[in-house]
Number of protein chains: 2
Amino acid sequence: MPAMPEPMNFCPNCGAPTEFRIPEGDDRRRNICTATGEIFYDNPRNVVGTIVEREGRILMCRRAIEPRRHFWTLPAGFLELGETSADGAARETLEEAGVTVREPRLFNMIDVTHIGQIHIFFIADMIGEDYAPGLESSEVTFLAEDEIDWPQLAFPTIHRTLERYFASRRTGDFGVRVESLGSQDWRAMALDREPRD
Amino acid sequence: MPAMPEPMNFCPNCGAPTEFRIPEGDDRRRNICTATGEIFYDNPRNVVGTIVEREGRILMCRRAIEPRRHFWTLPAGFLELGETSADGAARETLEEAGVTVREPRLFNMIDVTHIGQIHIFFIADMIGEDYAPGLESSEVTFLAEDEIDWPQLAFPTIHRTLERYFASRRTGDFGVRVESLGSQDWRAMALDREPRD
Ligand SMILES: [Zn+2]
Ligand SMILES: [Zn+2]
């Protein structure tokens, strides 16, 4: 996932070579078709996920796929065309954890500019009792705050979101927060490089 | 702007033809390079903008470009790679209205699934007194609630965001709202098809 637009080589419409330059009236480089002049834009992508609590514990998945295979995450994934952000978060929760949720409420939004993403988490209520790992998870469980192995979390935004959630639970303030996480924050969190068994 | 992935014809990396089909383990059609198997994903894009109030009036721009040329909008545009959503909203405000803002605070987030977009608005404070139309605006002004020509607004999300903002001003509740706007809502708002002079 790029932080800035990256050159492509060929126009996906007509197959002509593309140029990577600043179009007239613009101020950043874009891919432009040399045959038709069509401009192709690349924009940040949204990752949507949920925080699901059951008897004080949080629904978490162990990743069965790269990146960060074997590390722990909240259910989350890329928002798809045609779905709302809340629906996308619910879909990911069902796909990765086998958990059906209702009424996702926005909790936080984290700009991760150095990878061109926004991570958006919703607090959602579990329907029923079922949970099971989907194709992208090797394990699904519910963890209390003191059961979370923090350096074994998959991504800094998961770390930050969980921190904030437990803080909100103590203060009772679940108001939406917007923040950004840079590569310095990523280093400061000191997530493990290797997964534990 | 598509609501669902649309077929491309050629791989932007190697120029080979692409196929448009459901990859193994996926459940929706993607563009796939027939030479390398690389999968290309298309995701919703974020539009970011601001609500800037000065002496009770709201900063608004008349569009100098299509779509909805000559209609009225809040300053807003596509979020770019490498910037936070708040910085993007501030950048658009400077580009379209010549207004410098500080401290954008998230106000609403509107999923517009039938065009594959999320529209995100921030309330921001104006710095200084300068304002002037940028390249994409023909006019910039500040309008009170009863000066807004509602059917002449450019987009339904602008209509909804302004409605909500004035309601928030009356109740004092500026808490973040998440909602979605569908094509039915667009029709119900009955925005004019033609701009007034
Ligand atoms: Zn072309
Ligand atoms: Zn290819």
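**Exercise 1. The sheet of chain A**

Task: Describe how S1(A) and strand S2 of chain A pair, and over how many bridges.

Solution: S1(A) runs antiparallel to strand S2 (residues 30–33) of chain A, and the two are joined over four bridges. Strands here are DSSP runs (E, at least two residues), while helices are runs of H or I with at least four residues, both numbered from the N terminus; two strands pair if DSSP finds at least two bridges between them. As one step along this pairing, find Glu19(A), which stands opposite Ile32(A) in S2(A). Next, widen the view: three strands of chain A form an open sheet in the order S1-S2-S3, with antiparallel pairing. Strand S1 (18–21) and strand S3 (39–40) of chain A are the edge strands, since each pairs on one side only.

Before going on, note that this is a predicted model, in which local features need pLDDT of at least 70 and side-chain atom pairs count only at pLDDT 80 or more, whereas totals for chains, interfaces and linings use all residues. Residues are numbered from 1 along each chain as its sequence is written, chains are lettered from A and ligands numbered from 1 in the order in which they are written, and side-chain values use heavy atoms, with hydrogens and water left out.

**Exercise 2. The zinc ions**

Task: Find which residues coordinate the zinc ion (ligand 1), and state whether Cys11(A) is buried or exposed.

Solution: The zinc ion (ligand 1) is coordinated by the SG atoms of Cys11(A), Cys14(A) and Cys33(A), at 2.2 to 2.3 Å. Donors are N, O and S atoms within 2.8 Å of the metal (3.2 Å for Na, K and Ca), and sites may look incomplete because water is not among the atoms. Along the sequence, the donor residues of ligand 1 have the spacing C-x2-C-x18-C. Distant parts of the chain are linked in this way, as Cys11(A) lies in the segment before S1 of chain A and Cys33(A) in strand S2 of chain A, 22 residues apart. Now consider accessibility, where buried means under 20% relative accessible area, exposed over 50%, and partly exposed in between (1.4 Å probe, protein chains only). Cys11(A) is buried, at 0%, and Cys33(A) is buried too, at 2%.

In chain B, the zinc ion (ligand 2) has Cys11(B), Cys14(B) and Cys33(B) as its protein donors, each through SG. Of these, Cys14(B) is partly exposed with a relative accessible area of 34%, whereas Cys33(B) is buried at 2%.

**Exercise 3. The surroundings of Thr157(B)**

Task: Work out which residues Thr157(B) touches, not counting those up to four places away in sequence.

Solution: Begin with the position of Thr157(B), which lies in helix H2 (residues 156–171) of chain B. Thr157(B) has 1% relative accessibility and therefore counts as buried. Taking contact as heavy atoms within 4.5 Å, Thr157(B) touches Ile110(B), Val112(B), His119(B), Phe121(B) and Leu181(B). With His119(B) there is also a polar contact between the side chains, at 2.7 Å; such a contact is a pair of N or O atoms within 3.5 Å, and within protein one must be able to donate a hydrogen and the other to accept it, while residues adjacent in sequence count only if both atoms are side-chain atoms.

**Exercise 4. Two copies**

Task: State which rotation superposes chain B on chain A.

Solution: A rotation of 180 degrees, with 0.0 Å of shift along its axis, superposes chain B on chain A with an RMSD of 0.0 Å. The copies are therefore related as by a two-fold rotation axis; superposition is by least squares on the C-alpha atoms of residues with pLDDT of at least 70 in both. In chain B, the C-alpha nearest the axis belongs to Pro12(B), 2.6 Å from it.
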